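Come along and check each entry against the picture.

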Amino acid sequence: MSGVVTVARVGQGSLVALLARYGLELVVQAPGEPISGSFWGDPEAGVIGTTVYVRPDTPIHSLLHEAGHVICMDGERRARLERDAGGDALEESAVCYLQVLLADALAAVGRGRLMADMDAWGYSFRLGSTRAWFEQDADDAREFLVEHGLIDESARPTWRLRP
């Protein structure tokens, strides 16, 4: 996974600013330190409440995915969130869709690069790739995000958490 875009390559400032638009906090832990709230283990991002934990070697797709869970879950689940975001298959799809959109808000990433990193990590979609899923098979995920006010009809993030 040496080729994936990491927190260190993007820089903390733009990541803090992106998450702050949602009222989320980013904590960058020291290299080699266990990542708090990580479901998959190091170097994957972790979540506790509205805080996303990473290290410099954390892949950006992981940070955006875990942040997407915090954004897409309801307030009740968010209040007790620690490590396991839970949710159903539709919410998981919505998280994946949102993380692709959020990648465009990071000049050093963009959706094309994020999709390649998602494929390299092993995200699996019926059509065989993140891009094919996003472009041809993600209507339900998009509808979920619109229904909950997380993106607008033009698929632009609204910068709000699901209530």
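Entry: I looked up helix α3, residues 60-72, and compared its length with the rule of 1.5 Å a residue. Its 13 residues should span 18 Å, and the end C-alpha atoms are 18 Å apart, so the two agree. The expected span is 1.5 Å times one less than the number of residues. Helices here are DSSP runs of H or I with at least four residues, strands are runs of E with at least two, and both are numbered from the N terminus.

I then asked how many residues of α3 are buried. I found 13 of 13, where buried means under 20% relative accessible area, exposed means over 50%, and partly exposed lies in between (1.4 Å probe, protein chains only).

**Entry: what I am looking at.** This is a predicted model, in which local features need pLDDT of at least 70 and side-chain atom pairs count only at pLDDT 80 or more, while totals for chains, interfaces and linings use all residues. Residues are numbered from 1 along each chain as its sequence is written, and side-chain values use heavy atoms, with hydrogens and water left out.

**Entry: the largest pocket.** I looked up its volume, which is about 400 Å³. Of the 21 lining residues, Trp 40, His 65, His 69, Glu 92 and Tyr 123 are the closest to the centre. A pocket is an open set of points on a 1 Å grid over the protein atoms alone, where a 1.4 Å probe fits, with protein on both sides within 12 Å along at least five of seven lines; lining residues have an atom within 4 Å of a point. Points are joined across faces, edges and corners, and the volume is the space filled by probe spheres set on them.

Which helix gives the most to this lining? I found that α3 does, with 5 residues. Both α3 and α5 (89-103) supply at least two residues each.

**Entry: aromatic pairs.** I found 8 of them in the structure. Rings of Phe, Tyr and Trp (its six-membered ring) pair if their centres lie within 6.5 Å; planes under 30 degrees apart are stacked, over 60 edge-to-face, and the rest tilted. Trp 40 and Trp 121 are an edge-to-face pair, 5.5 Å centre to centre with 80 degrees between the planes. This pair links distant parts of the chain, 81 residues apart: Trp 40 is in the loop between β1 (25-28) and β2 (46-48), and Trp 121 is in helix α6 (residues 111-121). Trp 40 counts as exposed because its relative accessibility is 55%, and Trp 121 is partly exposed at 29%.

Next I looked up Tyr 97 and Trp 133, also edge-to-face, at 6.2 Å centre to centre and 80 degrees between the planes. Tyr 97 sits in α5 and Trp 133 in α7 (residues 130-136), 36 residues apart. Are these two buried or exposed? Both Tyr 97 and Trp 133 are buried.

I also noted a cluster in which ring pairs link Phe 39, Trp 40, Trp 121 and Tyr 123.

**Entry: backbone notes.** A cis peptide bond joins Asp 42 and Pro 43, with omega about 5 degrees. Pro 43 lies in the loop between β1 and β2. Arg 83 is not a glycine, yet its phi is positive, about 80 degrees. I found Arg 83 in the loop between α4 (75-79) and α5.
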